[in-house]
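Please have the structure open as you read.

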Amino acid sequence: MIYDSEYENERFTNKNLAKKKVGGVTRFGKTVFIKQTFYTLLMNQSDNIELFILDLKGGMEFGMYEDIPQVKKVASDLVESAETLLGILERLKLKQKHMRSKRYTNIVDTSIKQRTFIIVDEGAELSPDIVGSNTEAKQYAKFCQGALSEIARIGGALGYRLIFCTQYTTAQAVPMQVKMNIVARLSFVAAAQISSRVILDDVGAEELPSIPGRAIYKVEKNRIVQVPYINDSFMFKHLEGLQHVIINTK
């Protein structure tokens with residue numbers, strides 16, 4: 001869910017959420033937005049979703065949610081992220097084989113309702129150019145970026161939805177294949193024009209007012225929006241109210 005500057009309701013559809021890139025400087029709303037998306041999916045589509053979360057902040061933000069059945073994995077570091085993405089790629093190949101056997105070309109044209117969301121919080125930590133000089137770390141990071149690129153490239157038609165987020169809005173932090181296959185983009189306050197261009201392919205995010213949650217949302221054109229603030233206490237309170245729905249999924 002996202003709100004405009006007057007806080008009128010404007011809900012994301014599943015199509016809007018298909019592939020999204022989120023960026024901006026720290027403390028201006030990226031992780032809050034991810035949690036808002038996570039919460040909205042759980043509250044509205046608990047029977048039809050599964051989530052893999054790469055929480056590259058050491059699992060600090062999403063580790064507390066890993067016992068929810070829809071959350072299949074919370075990876076907290078580079079190695080766990082590589083293992084998780086390897087498993088997702090294996091599932092992707094099996095899904096591709098199944099779709100081909102049914103002569104399906106796109107999941108949106110079928111009766112299949114399940115969608116798999118891969119959420120990356122701080123994608124720069126998966127960049128070979130940023131992880132440091134450790135050769136092994138660079139190999140893991142290179143694999144992760146390649147896996148995310150493949151998911152972005154072929155996953156959409158199979159029901160795999162990538163939400164890629166980073167505060168380091170540089171070309172090194174955002175794999176080119178991910179950027180090219182992103183449907184929707186959301187940029188919070190950017191430090192400079194170059195950062196705005198990496199996320200939006202346009203300037204403007206550097207001119208946003210310094211208001212946490214203020215952002216530019218882009219599909220075919222730029223729209224200034226306001227993301228509401230929610231915290232973990234709010235989420236737990238409301239998720240507990242639907243515990244029978246969240247836990248007892250099909």
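## Glutamate 50 and arginine 91

Glutamate 50 is buried, at a relative accessible area of 6% (buried means under 20% relative accessible area, exposed over 50%, partly exposed in between, with a 1.4 Å probe and protein chains only). Its salt-bridge partner is arginine 91, with the closest N and O atoms 2.0 Å apart; a salt bridge here is a side-chain nitrogen of Lys or Arg within 4 Å of a carboxyl oxygen of Asp or Glu. Glutamate 50 sits in strand β4 (residues 49-55) and arginine 91 in helix α2 (residues 78-101), 41 residues apart. Helices (H or I, at least four residues) and strands (E, at least two) are DSSP runs, numbered from the N terminus. Arginine 91 is partly exposed, at 31%.

## Model and confidence

This is a predicted model, where local features need pLDDT of at least 70 and side-chain atom pairs pLDDT 80 or more, while totals for chains, interfaces and linings use all residues. Residues are numbered from 1 along each chain as its sequence is written, and side-chain values use heavy atoms, leaving out hydrogens and water.

The mean pLDDT (the predictor's confidence in each residue, from 0 to 100) is 84, and 85% of residues reach 70 or more.

## Other salt bridges

The count comes to eight salt bridges. In one of them, aspartate 232 meets lysine 35 at 2.8 Å, N to O. Aspartate 232 belongs to helix α6 (residues 232-241) and lysine 35 to helix α1 (residues 30-44), so the pair ties together parts 197 residues apart in sequence. Lysine 35 is buried at 6% relative accessibility, while aspartate 232 is partly exposed at 21%. Lys35, Glu61 and Asp232 form a network of salt bridges.
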